[in-house]
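Subject: Structure handover

Hello,

Here is the structure you asked about. Please open it and keep it in view while you read my notes.

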Amino acid sequence: MCRFLQVFCAIFSGVLLALAIPNEHYLFGEPLIGLFALLPLYLAVSSAQSYRSSFWICALQALVTHLLSSFWLGNFHGFALFTLGASAFGTAGYHGLFGWLYHWLFSKYTSQGSAASLSMRAGRLDFAVFARIFMFASLYTIWEWCKSNGFLGYPWGTLSMTAYRWPLVTQIAAITGCYGVTFLFALFAATLAEGLLVLRTLSKAITPRRYAEGYTRTAKVTAAFFLLALCYGLITYTIPRQPVKLLNAVLVQQNKDPWLSGDKSAIDISTRLTEEGLASFSAAEKEADVVVWSESVLGKNFPDAIHHYTSYPKEKSLIAFIREKKVPFIIGAPYTFNREKHQTANATILIDKNGKYAGNYAKLHLVPFAERIPGVEYEWVRNFIHNIAGFSYGWTQGYKATLFEIPLSTAPLYDAEKTEIVSLVSTTHKADTQPSVRIGTPICFDDAFGEVCRRLYLAGSEVFINLTNDAWSQTQSAEMQHFIVASYRAIEYRTTLARSTNAGFTCVVSPTGSILQSVPLFEERALAAEIPVYERKMTVYARLGDWLPILLAVLCTLLFAVITLSEYDRKNESFTTERMKALGIWFTTKADMSEWNY
């Protein structure tokens, strides 16, 4: 393949993946496009003639995907340079490094050139075909895992985001996490792309029989993987699930511009919407158990701010409003660990029905360079950040998987299994006698990371309620992309996920990832939600975490070792053979000369 076609395939692959990820046209994504998105990338890297070429092919593909699917990062005031520019080139460079691994693989097992080349460089051709397809899918899965975790983790722009509309496929997340979906889609694309290469060699009448046979067997394995995933999905998606409790929650979506200073308008809007939500429950002769306001609604730092909101707003203070409604509130607000050291967390605050501050959960995974700034302890770093963004300190990362225990107005449907609680904040001292539900409240970016929600789940969480403020993105696609990423947490832990957001997507998601209730994007709404709470069951993913990409990394490492050792043995054997031949000629010559001398 010529250089022009390689560049075209890299760009085309990035465009396809961006089209398959939730966007302004396909709000929930398009899995059929996602299934084929990596096919051009496979063709391009399989034909790369050097490590450098493979690096730029993969970097270009990742750059196009990121810019087209995460363009809304440019709307983040003050940090557009970091959020869009730095993340785009960082993602591209990261995938470029994996391009080196792709090239190493394809340079060892190539289908280019003649049948003789195939035989000489691939050894066993059936194994060569399997290695190319399996390792490509594995490396791409490992790449998405690497870029989605750690300090610089960014779980957007992933192949698994394209699959939401195929719930029978996404159910395997309860076993493998979202990376099982990535592996399946990458495996399909690689198998199909290799099939095109087989057809090309067939057209030139140079396809060795074992090459075609190896491909056929590998294609059958791919089909078997998909069939098993679909069977599992069909069983688990259709199985009836009976909730053990119901949590009546008012989820407030105030749709306020997050860049406007002051929190009075946010409080005014939220209190009005809360009234509407509580009225909806009253009309149905039900009581609300909790009211949830989204991330960063309040601007004053807790715990001291509880005194401020006792008299603010002046018309009717927030604390007076909560006491009047006699319902506990979970609200997004900053929490100060240490004022002298400027240690303040992006947090959720629990205020009980008596208007008393009852505890907080501090965000566990901070957005790099926007919430968490490396080197902020140095003055020159603070000055640099202040000149760019207008502030000097970021947030302080939370360290504890804190849960909130909320008393229920309705009795449990039946007794749920008791589980150990690691860290708990309760709104009542009578939780032993009154039915309650334990809530984990991942904040914004938190719900995009399986490990963060895993900590909350293992701590004893019975339901996740995510508080998010994505309104700054100003796009529907950004809201839906966050929702799609978060929906995998419901499947992975087979628990209900509710989301209270500033502008969207405010909804309730079932343990299969289906939407139970929702409100439109970018509208002032209150969702009076009956959130089903299911019996806690330990899924494979909850027990083992990201075991699949780790296993794939181990298998790839072993396969790399086998290939390297096999190549060394072949070279050593060839060297020995040549030496023996040379020695044979020398001995024959010496014998002839000896005979001639006589």
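Which residues form a nonpolar patch on the surface? Met 1, Phe 4, Leu 5, Phe 8 and Phe 12 do, with about 510 Å² of accessible area together. A patch is made of residues with over 30% relative accessible area and no salt bridge, and nonpolar side chains (Val, Leu, Ile, Met, Phe, Trp, Tyr) are joined within 5 Å. Areas come from the Shrake-Rupley method with a 1.4 Å probe, and for residues only the protein chains shown count as cover. Met 1 lies in the segment before α1 (3-20). Helices (H or I, at least four residues) and strands (E, at least two) are DSSP runs, numbered from the N terminus.

A word on the source. This is a predicted model: local features need pLDDT of at least 70, side-chain atom pairs count only at pLDDT 80 or more, and totals for chains, interfaces and linings use all residues. Residues are numbered from 1 along each chain as its sequence is written, and side-chain values use heavy atoms, with hydrogens and water left out.

Next, the salt bridges (a side-chain nitrogen of Lys or Arg within 4 Å of a carboxyl oxygen of Asp or Glu). The structure holds 15. In one of them, Arg 132 meets Glu 194, with the closest N and O atoms 2.9 Å apart. Arg 132 is in helix α7 (residues 125-147) and Glu 194 in helix α10 (residues 179-203), so the pair ties together parts 62 residues apart in sequence. Both residues, Arg 132 and Glu 194, are buried. Buried means under 20% relative accessible area, exposed over 50%, and partly exposed in between (1.4 Å probe, protein chains only).

Glu 530 and Lys 286 form another salt bridge, at 2.0 Å between the closest N and O atoms. Glu 530 sits in strand β13 (residues 525-533) and Lys 286 in the loop between α12 (264-283) and β2 (290-292), so this pair ties together parts 244 residues apart in sequence. Glu 530 is partly exposed at 30%, and Lys 286 is partly exposed at 35%.

Lastly, the rings. A search of the whole structure finds 34 aromatic pairs. Rings of Phe, Tyr and Trp (its six-membered ring) pair if their centres lie within 6.5 Å; planes under 30 degrees apart count as stacked, over 60 as edge-to-face and the rest as tilted. Phe 55 and Trp 56 are edge-to-face, 5.2 Å centre to centre with 85 degrees between the planes. Phe 55 is buried at 16%, whereas Trp 56 is exposed at 54%.

Best wishes

Notes
Patches are made of residues with over 30% relative accessible area and no salt bridge: like charges are joined within 9 Å, nonpolar side chains (Val, Leu, Ile, Met, Phe, Trp, Tyr) within 5 Å.
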